[in-house]
Amino acid sequence: MKIAILGFGTVGSGVYEIAKTLKNIEVKKVLEKDLSKINIATDSYDEIINDKEIELIVECVGGLHPAYEFIMKAIQNKKSVVSANKAVIAKYLDEFLKTSKENNVEFRFEASVGGGIPCLASIQKIRRVENIDKFYGIFNGTSNFILDNMYRLENKFFTSLKTAQKLGYAEADPSADIDGYDVTNKVIISFTLAYDGFIKNEFLCFTMKNITKEDILYFKKQGFVAKYIGEATTKGNKYEASVMLNLSPINALEANVLSNYNIVTVQSHTMGEVKFYGQGAGKLPTANSIIQDILDIQTKISFNPISIEKKYTYSSNLFKHKYVIRSNEKLKGNFERIDRDGNNFYHYTKEITQADLLKLVEEKDYLVVKLSEY
């Protein structure tokens with residue numbers, strides 16, 4: 001199969017590197033402004049689109065635009081597409097799936113969630129047998145690295161962030177990772193495969209940048225480790241999802257996921273909890289997932305047809321959970337307990353809904369953490 005790669009950065013060059021080792025995949029063209037990077041580079045997308053030998057395009061440019069236009073034009077020209085671009089997939093997945101079906105080609109995106117971890121394929125396999133009760137996990141390696149660094153080395157938030165940037169785990173602008181946009185996109189994509197419906201970015205998301213060294217040390221004394229968790233579940237045609245800090249018991253698997261690793265859990269009736277652990281990003285792990293998608297398309301392997309027929313409505317009143325709210329003043333409310341540690345007050349709520357939680361915090365800059373069993 002002859003393919004083209006759009007973009008020759010970290011992931012694109014990784015795809016090329018692995019493809020060179022395989023006899024049944026040939027990279028014919030690479031879309032790249034810097035033509036000196038590789039001898040098969042072109043700066044003309046039309047040259048790729050008009051090449052009838054190229055059957056499949058790997059999109060590695062990132063962002064929303066021109067990635068959206070590149071993908072749609074490829075599909076409309078009857079070329080299959082594989083992408084790891086969670087931002088564009090989370091926003092336009094419904095369009096990509098509809099258009100690819102109309103043109104009898106494939107759109108695959110395993111690498112968009114969990115990097116090298118085959119969690120989306122596993123969700124599809126479980127889903128073809130039974131309903132999925134819920135999924136949750138550490139979907140972002142940068143946020144996990146920061147929290148792990150704060151916990152084990154007792155560093156401040158911005159010290160840990162700078163270390164992550166120095167090691168290449170965090171971008172110069174880390175907002176996608178620390179404010180939850182990246183995890184939100186991955187929850188949306190995972191939800192589509194788990195529940196046969198396409199949701200929008202309308203659910204609860206709290207930034208993790210409000211957590212301090214003092215918070216980490218306080219929670220450590222209570223036997224908890226803070227982790228940034230994305231999760232979703234459904235009840236009838238309603239769903240609840242969130243992206244926020246969770247307090248995991250110190251002996252939980254999630255509490256012991258170190259550095260920039262990810263762990264994704266899928267829960268169903270006959271399987272119970274199944275956990276997928278590994279590198280959630282990086283050049284070769286992500287490229288490996290892309291290559292796996294290419295091979296699946298080539299050999300016509302499909303784990304379960306993707307459907308987005310079901311319509312779900314977000315509800316902030318679906319389930320009740322316990323939370324901890326940290327502020328520098330004592331809050332009014334019916335709390336189970338309030339701890340004071342230094343200048344901080346830690347308010348432990350009873351089991352309340354997301355709607356009740358939002359009333360308590362009133363969009364103020366408090367630290368909000370979910371008390372978790374995982």
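A pocket is an open set of grid points with protein on both sides within 12 Å along at least five of seven lines, and its lining residues have an atom within 4 Å of a point. The model described here is predicted.

In the largest pocket there is about 1,000 Å³ of space. Its lining is made of 37 residues, and Val 11, Lys 86, Glu 171, Asp 182 and Ala 281 are the ones nearest the centre. Several helices supply at least two lining residues each: H1 (10-19), H4 (86-102), H6, H8 (175-178), H9 (181-195) and H11 (283-298). Of these, H9 gives the most, with four residues. Sorted by class, the lining holds 16 polar, 13 nonpolar and eight charged residues.

The second largest pocket has a volume of about 820 Å³. Around it are 33 lining residues, with Glu 106, Phe 107, Arg 108, Ser 302 and Ile 306 nearest the centre. At least two residues of this lining come from each of H4, strand E6 (107-108), helix H5 (119-127) and H11. The classes here are 13 nonpolar, eleven polar and nine charged.

Helix H6 also packs against another helix. H6 spans residues 141-153 and H7 spans residues 157-166; they pack at an angle of about 125°, and their axes are 9 Å apart. Because of that angle, H6 is oblique to H7. Their crossing is right-handed. On the H6 side, the contact is made by Phe 145, Ile 146, Asn 149 and Met 150, while H7 contributes Phe 157, Ser 160, Leu 161, Thr 163 and Ala 164. This contact has six nonpolar and three polar residues, and no charged ones.

Note on methods: Residues are numbered from 1 along each chain as its sequence is written. This is a predicted model: local features need pLDDT of at least 70, side-chain atom pairs count only at pLDDT 80 or more; totals for chains, interfaces and linings use all residues. Side-chain values use heavy atoms; hydrogens and water are left out. Axes are lines fitted to C-alpha atoms, for helices over the stretch in contact, and angles run from 0 to 180 degrees between N-to-C directions. Angles under 35 degrees count as roughly parallel, over 145 as roughly antiparallel, 65 to 115 as roughly perpendicular and the rest as oblique. A crossing is left-handed if the near helix is turned anticlockwise from the far one by less than a right angle, and right-handed if clockwise. Contact means heavy atoms within 4.5 Å. Ala, Val, Leu, Ile, Met, Phe, Trp, Tyr, Cys and Pro count as nonpolar, Asp, Glu, Lys and Arg as charged, and the others, Gly among them, as polar. On a 1 Å grid over the protein atoms alone, a cavity is a set of points where a 1.4 Å probe fits but cannot get out, and a pocket is an open set with protein on both sides within 12 Å along at least five of seven lines; lining residues have an atom within 4 Å of a point. Grid points are joined across faces, edges and corners, and a volume is the space filled by probe spheres set on the points.
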